[in-house]
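User: I would like to go through some of the terms used for this structure and see what stands behind each of them.

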Amino acid sequence: MKYKPMTGVWEITMGCNMRCKHCGSICENPQIDELTTKEALTLCEELGALGFKHITLSGGEPTTRDDWHIIAKGLRDNGIIPTMITNGWLINEEIIDKAMESGINTIAISIDGLEETHDFMRKSGSFQRSIKALKLMKDKGMYSAVITTVNKQNINQLEDMKSVFIENGVTTWQLQIGMPMGNLKENCELVLDNDGIDTIIDFGYKNLNDNKIKVHFADCIGYYNTKEMEVRKAFSNNNYIWQGCGAGKHSLGILCNGDIVGCTSIRNKEFIEGNIRENSLKDIWTSSETFKWNREITKEKIEGFCSKCNYGDVCLGGCSNSRLCMENSIYKENKYCSYYIAMDRKREEIKAINDIDILFENAENLAEMGQFQLSELLLERAIHLGNENIEILNLYAYVNFMLKNYTIAKDVNERILEIDHNDIYANKGLGLTLCKLGEVEKGIHYLKNAVKLTDSNYMDPYHDCAATLMEYDKIEEAKDILQQARNMSLDFFEENKNLYDKLNISAIAEEA
């Protein structure tokens, strides 16, 4: 199986006893077509057979469905660890006992601020109900967690909330941001500005070594901020870093009527991949036609900064739902990314620089230090000011190549060769870039052009041409290039002896 399923969220009902201002699902009453108990238990078997390890039961409010604990036990009986997210209103000793008997690992209560703020967001009296529920779970030995949807109302209450949670036995606390979807779309004044992401990350990092409570981030908070990565590593007990949205790759969402989606946060009808009443879960998961929006997404398909980002080919734009909600398309850049925010600030600073020599000098220094993203921003500014001399364009092409922005690098190198078709750097750069884009024969042609144009003062084209030929099993051609290089420069032979050794041609080269 190409995509190995691991986790999922199952909205077992749309029924809810609250009307939260930030509810993405606009939950109110149970739907008439919700899965029956029998259908739900059959689905538990299918989930187990596919290899799922963890399923979170949510809603709506899952405890408003009478058979929630039967479904949880069905998951556990099929080798899946169930957890549950609840608003806490109905939690009592009986429910906690049922949760423990059915094998639920964790009950997570959604708490969205201190009392006044939480009750404003959810329902009068709900904060105290939630605290009572946490105390009950603590007394009965049930593992509890809290999930907080951070917004403008509660972002400055995090420290005080932490103290309350620790006091009531909470050891795990997940932070996520509210998206302008569902009810929150009608209350969008509550949605955080994107700089709030760094405030959340700083808070998590500040509490990294607090052994009383572990703060961690939902998938919508990141990415490639050093502090954020440290928090993720600490929570997962390994070297985990963000590697793209998992929807349809190792996770899925199940809606109350059996509709299957990549993620329950993405509710648009075009993202429904099938229904378990019509097709088996296995057929939906393994089909080559499902989840294509995420399984086939690439860095190049995402617009804006994400398409040029140093981490773009791994990150793939961060949380898909963030892009969909904030920018109305999963193919738009993610402005709620910490790395985007940092680079956007740098871009604003760079806009104040109008001296092209300063821009180029700083870009060159940064490129030498491997700071290619910042170098690209400086060169982009220089080109925007109208200076497209070959030296700037060559560095711009190189920097984009190192950022894996191969299409940009290709276009820039071609532009240089229109100005001077004998430019060695552009021939070499275009050759390497074309190979990365899959145009190998054409790429090798340009690499050989670079070799013909070079001399003993600049031998890099020989190395790159030979190494590329070796990569594509053109061994005899690689030997020929290395022979030519050996005859031209003894220093090259000594500096690149590993290449000669790989082809076992050092003796031949010496005879030559």
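**Terms and the values behind them**

Analyst: The crossing of helices α19 and α20 is left-handed. The model is a predicted one.

User: What makes α19 roughly antiparallel to α20?

Analyst: The angle does. The axes of α19 (residues 440-453) and α20 (residues 460-471) cross at roughly 150 degrees and come within 8 Å. Angles over 145 degrees count as roughly antiparallel, so α19 is roughly antiparallel to α20.

User: Which residues make the contact of α19 with α20?

Analyst: From α19 they are I444, L447, K448, A450 and V451. From α20 they are P461, Y462, D464, C465, T468 and L469. By type, 8 are nonpolar, 1 is polar and 2 are charged.

User: Why is G258 called buried?

Analyst: Buried means under 20% relative accessible area. G258 has a relative accessibility of 0%, so G258 counts as buried.

User: Where does G258 lie, and what does G258 touch?

Analyst: G258 is in the loop between β8 (251-254) and β9 (259-261). Leaving out residues up to four places away in sequence, G258 touches L35, G274, N275 and I276. The C-alpha atoms of G258 and W10 are separated by 9.2 Å, although these residues are 248 apart along the chain.

User: Which residues touch the most other members of the largest nonpolar core?

Analyst: They are W10, L47, W173 and L175, in a core of 119 residues. Helix α15 gives the most to this core, with 7 residues. Apart from it there is another core, of 24 residues, including F401, V440, L447 and Y462.

User: How does α15 pack with α13?

Analyst: Helix α13 (residues 338-350) and helix α15 (residues 372-384) have axes 10 Å apart and pack at an angle of about 35 degrees. The crossing of α13 and α15 is right-handed.

User: What is the contact of α13 with α15 made of?

Analyst: On α13 the residues are Y339, M343, K346, R347 and I350. On α15 they are Q373, L374, L377, L378, E380 and R381. These divide into 6 nonpolar, 1 polar and 4 charged.

Notes: Residues numbered from 1 in each chain as written. Predicted model: local features only at pLDDT ≥ 70, side-chain atom pairs only at ≥ 80, totals over all residues. Heavy atoms only, no water. Axes fitted to C-alpha atoms, helices over the stretch in contact; angles between N-to-C directions. Helix = DSSP H or I, 4+ residues; strand = E, 2+ residues; numbered from the N terminus. Parallel < 35°, antiparallel > 145°, perpendicular 65-115°, else oblique. Left-handed = near helix turned anticlockwise from the far one by under 90°. Contact = heavy atoms within 4.5 Å. Nonpolar A, V, L, I, M, F, W, Y, C, P; charged D, E, K, R; others polar. Core = buried A, V, L, I, M, F, W, Y, C linked by side-chain atoms within 4.5 Å. Buried < 20%, exposed > 50% of the residue type's maximum accessible area, 1.4 Å probe, protein only.
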